[in-house]
Amino acid sequence: MDQQSDVTRDELKRFGLTLLQPKQGYRFSLDPLLLCDFANASQETSIVDLGTGCGVMALVLARMAAAAHITAFEQDDAAASLARQNVGLNGLAERVTVLHDDVLQVRRHLPVSSCDLVVSNPPYRKQGRGRLNPHPGKLAARHETTAGLADFLAAAKYLVKPSGRICMVHHPDRLAELMVEAAAQKLAILRLRMVHGLPAAPAKVFLVELTKGRTSANLQILPPLLVRSDTEHYTDEVTKILLGT
């Protein structure tokens, strides 16, 4: 993406961030911002973002955890290039590293049990399920291509320290699968929160926190997160997440 006309320049004023995004490719949604808030990073010194896209979560987490170094993986070449541009644009090159590689290859780059927190906003749809977007960037962001949910969990388990945290956002259709895979990989689920677009609407995504090194945990099911109070207005909680007020 080397032509400025191909990208938009967007602001996340709460975090003092400027983000370049493709006009026609995949553009980040509210979900990664909700996940960053859910992860509540502050004291961590080593964070990994699996599937960073344009780098939004890596950059927000760099603002939230002032002492952390963030390593962000992205398998799409154009998205990884844009993420690197965003890192430089926001003066975070010393603290955020973008790696153009698949989550299946994390072992090539980082040692086992080397980070405090792993976050991921993986593709929600299984390969071949649902309508496929013809745009390559959108397809890779929305549909699993090389790595599935079990692979994302395995990569996160490899990276995180014992009793470290794994935070993920995913589609409700995949919740049962995630719980089965977490048990198979001996990951304990600590917190679960459903996210609803409107008060009477079904959940659109869920937020989950897991840990390794524990075979069981008292699962905390949090109150639902409502994005909008009506079709025109964000709820107070989401407004605070976006604006800090």
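**Starting from one cysteine**

C36 counts as buried, with a relative accessibility of 1%. Buried means under 20% relative accessible area, exposed means over 50%, and partly exposed is in between, using a 1.4 Å probe and protein chains only.

Before going on, a word on the source. This is a predicted model, in which local features need pLDDT of at least 70 and side-chain atom pairs count only at pLDDT 80 or more, while totals for chains, interfaces and linings use all residues. Residues are numbered from 1 along each chain as its sequence is written, and side-chain values use heavy atoms, with hydrogens and water left out.

Back to C36. The residue lies in helix α1. Helices (H or I, at least four residues) and strands (E, at least two) are DSSP runs, numbered from the N terminus. Helix α1 covers residues 31–39, and eight of its nine residues are buried. Those are D31, P32, L33, L34, L35, C36, F38 and A39. After α1 comes N40, with a positive phi near 50 degrees.

What is C36 in contact with, leaving aside neighbours within four places in sequence? The partners are M57, V60, L61 and M64, where contact means heavy atoms within 4.5 Å. The C-alpha atoms of C36 and V119 are separated by 8.1 Å, although the two residues are 83 apart along the chain.

Next, the cores. In soluble globular proteins, nonpolar side chains tend to be buried together. A nonpolar core here is a set of buried Ala, Val, Leu, Ile, Met, Phe, Trp, Tyr and Cys residues joined through side-chain atoms within 4.5 Å. The largest one has 48 residues, and the members that touch the most others are L12, L35, I47, V56, V60, V96 and V119. Helix α2, residues 56–64, gives the most to this core, with seven residues. V60 touches L12, F15, L17, L33 and C36, not counting residues up to four places away in sequence. There is also a second, separate core of 29 residues, which includes V118, L149, L153 and V160.

Since we began with a cysteine, how many disulfides are there? A disulfide is a pair of cysteine sulfur atoms within 2.5 Å, and by this rule the count is zero. Take C167: its sulfur is 9.7 Å from the closest cysteine sulfur, in C36, which is too far for a bond. C167 is buried, at 1% relative accessibility. C115 is buried too, at 1% relative accessibility.

Now the charged pairs. Side chains of opposite charge can pair when their charged atoms come close. The structure holds eleven salt bridges, each being a side-chain nitrogen of Lys or Arg within 4 Å of a carboxyl oxygen of Asp or Glu. I will take three of them.

One joins D173 and R125, with the closest N and O atoms 3.6 Å apart. D173 lies in the loop between β7 (160–170) and α6 (175–184), and R125 in the loop between β6 (115–120) and α4 (136–142), so this pair ties together parts that are 48 residues apart in sequence. D173 is exposed, at 59% relative accessible area, while R125 is partly exposed, at 35%.

Another joins E177 and K126, with the closest N and O atoms 3.8 Å apart. E177 is in helix α6 and K126 in the loop between β6 and α4, so the parts tied together are 51 residues apart in sequence. E177 is partly exposed at 22% relative accessibility, and K126 is partly exposed at 32%.

Then there is E209 with R165, at 3.8 Å from N to O. E209 lies in strand β9 (residues 203–212) and R165 in strand β7, so this pair ties together parts that are 44 residues apart in sequence. Are these two residues buried or exposed? Both E209 and R165 are buried. Salt bridges that share partners join E44, R165, R191 and E209 into one network.

Last, the overall numbers. The protein has seven helices and eleven strands. Of its 245 residues, 49% are buried. Among contacts between residues at least 6 apart in sequence, 69% join residues at least 24 apart.
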